[in-house]
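Please consider the model shown below, first as a single fold and then as an assembly of two chains.

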Amino acid sequence: MGNKQTIFTPEQLDAYQDCTFFTRKEILRLFYRYRDLAPQLVPLDYTDKPDVTLPYELIGSMPELKDNPFRQRIAEVFSEDGDGNMTLDDFLDMFSVLSEMAPRDLKAYYAFKIYDFNNDDYICKSDLEKTVNKLTRNELTPEEVSLVCEKVIYEADADNDGKLSLEDFQHMIVRAPDFLSTFHIRI
Amino acid sequence: MGKKKKCALQVIMEDAGIEIDGQVESDTESEGDEVKDKTLKKQPLRETSRATRLERKKQEKDKEEDERKEEDSCSQHNRASRRKNYQRENSDGKKAGEEGSQQRERGKKAPTKDQKQSENTEKKTNKKGKEGENKQKTDRKNSTSSASSNSSDEESLSEEELAMLMEQVEQKKKLISTMRNKPWRMVKKLSVLREAQAFVEKFEGALGKGKGKKLYAYKMMMAKKWVKFNRDFDNFKTQCIPWEMKIKEVESHFGSSVASYFIFLRWMYGVNLVLFGLIFGLVIIPEVLMGMPYGSMPRKTVPRAEQATAMDFSVLWDFEGYIKYSALFYGYYNNQRTIGWLKYRLPMAYFMVGISVFGYSLMVVIRSMARNANESTSDGDDDNFIFSWKMFTSWDYLIGNPETADNKFASITTSFKESIVDEQESNKDENIHLRRFLRVLANVLIICCLCGSGYLIYFVVKRSQTFSKMQNVGWYERNEVEIVMSLLGMFCPPLFETIAALENYHPRIGLKWQLGRIFALFLGNLYTFLLALMDDVNEKLAEEDVVKNITHWTLLGHYNSSAGNGSTATPPPLDPADVPRGPCWETTVGIEFVRLTVSDILVTYITILVGDFIRACFVRFVNYCWCWDLEAGFPSYAEFDISGNVLGLVFNQGMIWMGSFYAPGLVGINVLRLLTSMYFQCWAVMSSNVPHERVFKASKSNNFYMGLLLLILFLSLLPVAYTIMSLPPSFDCGPFSGKKRMYEVIQETIELDFPLFVAKIFSYVANPGLIIPAILLMVLAIYYLNAVAEAYQRANAELKKKMQMQREEEKNKRNNKATTNPVLQDLEDLLTPSTKSESHTKQAEDKKIESPNGTRPMGKQGKGAALDGSPMAGGRGAAFSLSPHVFVTQPPMLGVRAPYPGQLRPRGHPPGPVPARGRGQPRYPHAAR
């Protein structure tokens, strides 16, 4: 436990606790998880805020993420540069949002970003198609995919603009019974 | 003009008060009380200094008008000043706090304008400096920092400002505590957090301490613990459900319809386990432990003639020999009233257990039916987002191993396919007349089939009765009934399926029809079986009378012979194996059921092995060297036969219910059977079946299966009740031997073991004069409850329809609004109550500027950027970061501050180029009004 002080200053830890849904212990555990991805890159001393960024290839190979069809999107959304390369802050951010303590609205907001593949602030049909194909590993025929996408837009698009805005998405997702239980990663 | 100023001020005060009140709710109460005290003290002070303030206000107004040419309306000014007030609080609250006491004095002394002015300018410069330091302290500040430079009055209202400062600190605290809920990047969060913490630290000492923080931390910790505990408990619960993973796996590959069979099987297993516990715990184990041992009396001994072969496997396989004379069958039990040192009343227990097996089964079936019905109605309303939820919530982010992920992919695909089938079915437009004609035709055909097979069974049974009277009949004649039955069972289901293809139902409904039809066919099976059994029993009963006399005479003869010898010693007892005994029809019936069950198990397993597994192997491996494609062509792989399996299970359970009274061990066999068939069938399905061509979703409640089960339960209750009530039990075997009827054991117990009045009460209760009214009452109650349920159902349907209509309407309205939005907006603005402003038109203009089109925020932002140079933190990121908590915080705030609905929005969230709020905002004013 002696090395606790050498990684973060107490102020840093407190700040992280205020900014995430983690306890001191969990933050340290996450830090070690982060460090384990690339021990030679990540220093053991974070008190002077070193500028370390891990590439997506390393992040995406975490066991928590590697079977997730949306892992690239998750990494992209949470990373500072939008390419999936993550600093420790991004890393903590990501798991904080995906932790089970995170509120529904926060999760819904990030879920929207994750499913918005082309970053145009709307989930349009092409985003939906991508989502379906990722979910089913391209097992559905194109007709089926487009049927599903049309149905989704029909169901959730409240303002009839042919695409889902964040509000549409939230309106739909807060009613979903198992959104909270599925949109979370235990670490 | 002056009056209006006052109004504005009051509004400010109200706002402040409301704000504080709002905080009281969230924070500790002591702090809230403090604040309230301060607001009360404020009142007199305000009175005294109103005049000076008014003056100053006017002055300030002039200045502002100079500075901002574009803001021309008076009301706008008021609003702006109010906004400024807040903003000023935000920006120079620190300073105000420092100078608080000083200012108060000045306010009382009514200082000269010049003094004020100079102070103000001083402050302004200070302010600007500070602003530069902490530009993005809060959203609110961002939104209004533009106006800060020209706000310059009311520094003298120190109490007010103290309150404001307080409020400010509270806001910061709140911000700190909700920092983790903000969808910002960590960097931003950290910097904002630092600012807020610094602010709070600086002013907390002056204004009271942060009491809530520890409590909050504690609460958070407890919440976390609670969540964790819940999660562990849930995990534990799911782990306790047997075969959950197995069934999930099957479901992910074969769809919920196949899984529903396995769920049904599991449920059956549970029920049978309870029955098994009941029978073994209360009947078999007491008898084995405390009853007379084997060989002590005739009914517990294998007869002398059979003893030689009693241990042969072929005999045991037929459940004769030692098995027949064991605790597994009715005949083994003694009619001793009490056994063992516990004085356990075994005959009574046997009877009660036999009854309670039916009672429990009935209860459990009906209960689960009711629960299913409940679930299906409660889940029914929220099917508006089937596809959306499937798409966005079906992937479980917890999945962290490739196999599970594969299963999940398969299951998501399957569930999509199920929903697509449903969707296509509902969208199908077809020739309804042709369809109706075909359906009627199919039903006619099937009814013909059923009638024909019914008559065939009847005919064959009649014939077999005449055959049985004749001597030396051939093998075919003897087994004619069985052959006909199995032929019917083999050919009719596929025939029905072929005919059902005419109907073209949705596969889920088709399955129900198929189940119903095969059920009707199998009822014939049951009927012949029962008929044969009754014949058997009657024969045995007739035989018994004869044997009874023989036994009597044998025993008498034995004693006579020993007595006749003149010896004084007691005669050696006759060996129990030598005593002639009756046929014991109960045991015969029990053996019949056990045999049937066992053969059913074997047939089922062999069918699976040959029909599925061998076929799959053949198709798979011979395909390499065959003329045509076996996998796609003729034999192909088998599909899982849901209807056949479900019916097999249901009928098997019927056999168990009927037989368990005569063969208590039957339930044990059944438990074993269900257990093995769970594993065996799961394996067979996964290894050698292919999913249905149209994977369809099982109906939410498997009440149809339950309905079939209930019917079978009822049908199997009838013969057992008949034998208990109206057939005499065998005279020399079983717990009821020596009685006229089986149910007499109850009367006996009541007479011998209970006080007299219980017997009296019992005789009253059993009086038909009481029973018939009771039944009538029940019928009435059923009728009434039924009517009530129907009424509720109708109301429910009505409400659902209404909701649907409302949704559609809303959708349409929004749609129209999107097109005619500006026009409508104007109209609404014209209609607003005009008390707060003299000029409607200008207000309308303002409103339009603030209307959802995003022009106002844009303009505002632009201005803000121009005035104090605070940049919005990046175009896209900022836009995103604004929206989500808007939804959370907005409506309640607006609800509180009703008077200026459109006005106060900027305080709830910073203005920014918020996208996609085109229809969200116009709703709020309506709500507020």
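This is a predicted model: local features need pLDDT of at least 70, side-chain atom pairs count only at pLDDT 80 or more; totals for chains, interfaces and linings use all residues.

Residues are numbered from 1 along each chain as its sequence is written, chains are lettered from A in the order in which they are written, and side-chain values use heavy atoms, without hydrogens and water.

Chain A contains 11 helices and zero strands, helices being DSSP runs of H or I with at least four residues and strands runs of E with at least two. Of its 187 residues, 57% are buried (under 20% relative accessible area, 1.4 Å probe, protein chains only).

Between them, chain A and chain B bury about 6,700 Å², 60% of it on carbon and sulfur atoms; buried area is the accessible area (1.4 Å probe) that two parts lose on being put together, summed over both. In chain A, the residues that lose the most area to chain B are A:Asp18, A:Leu135 and A:Glu167, together 11% of what that side buries. The contact (heavy atoms within 4.5 Å) involves 84 residues from chain A and 65 residues from chain B.

Three salt bridges link chain A and chain B, each defined by a side-chain nitrogen of Lys or Arg within 4 Å of a carboxyl oxygen of Asp or Glu. A salt bridge joins A:Arg137 to B:Asp406, with the closest N and O atoms 2.8 Å apart. Among the helices of chain A that each supply at least two residues to the side touching chain B are helix 2 (10–19) and helix 8 (125–136).

Terms used: Buried means under 20% relative accessible area, exposed over 50%, partly exposed in between (1.4 Å probe, protein chains only).
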